[in-house]
Amino acid sequence: MAKFKGATVVDTNRCKGCNLCVVACPLHVLALTTKNVNAKGYPYAQTVLEDTCNGCSSCAIVCPDGCISVYRKKVE
């Protein structure tokens with residue numbers, strides 16, 4: 001079985017901090033910022049456990065604003 005590593009990219013300027021992606025991530029890769037806000041004044045999602053992402057895209061699927069892109073890379 002092939003193993004995959006994922007990379008999550010959040011468009012922080014479009015993120016409204018709804019927290020759906022954080023809840024949807026089974027590996028707890030994302031979290032909302034606690035000290036920073038974007039230009040609209042919202043706390044935004046950010047990657048906190050970068051090496052843990054497996055590229056499942058659960059976060060991107062639930063994002064109502066389409067701010068999250070997930071890339072998958074096969075690990076050899």
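Biologist: In which helix is V62 found?

Modeller: Helices are DSSP runs of H or I with at least four residues, strands are runs of E with at least two, and both are numbered from the N terminus. The model is predicted, so local features need pLDDT of at least 70 and side-chain atom pairs 80 or more, while totals for chains, interfaces and linings use all residues. Residues are numbered from 1 along each chain as its sequence is written, and side-chain values use heavy atoms, without hydrogens and water. V62 falls within residues 58–62, which form helix α2.

Biologist: Why does V62 count as partly exposed?

Modeller: Buried means under 20% relative accessible area and exposed over 50%, with partly exposed in between (1.4 Å probe, protein chains only). V62 is therefore partly exposed, as its relative accessible area is 33%.

Biologist: How far apart are the C-alpha atoms of V62 and C21?

Modeller: Contact means heavy atoms within 4.5 Å. Beyond its neighbours within four places in sequence, V62 contacts L20, C21 and A24. V62 and C21 are 41 residues apart along the chain, yet their C-alpha separation is 6.3 Å.

Biologist: Is T8 buried or exposed?

Modeller: T8 belongs to strand β1, residues 3–10. Its contacts outside four places in sequence include L30, C53 and V70. With a relative accessible area of 14%, T8 is buried.

Biologist: The charged end of which residue sits over the ring of F4?

Modeller: This requires NZ of Lys or CZ of Arg within 6 Å of the ring centre and within 35 degrees of the ring normal. At 4.1 Å from the centre of the F4 ring sits the charged end of R72.
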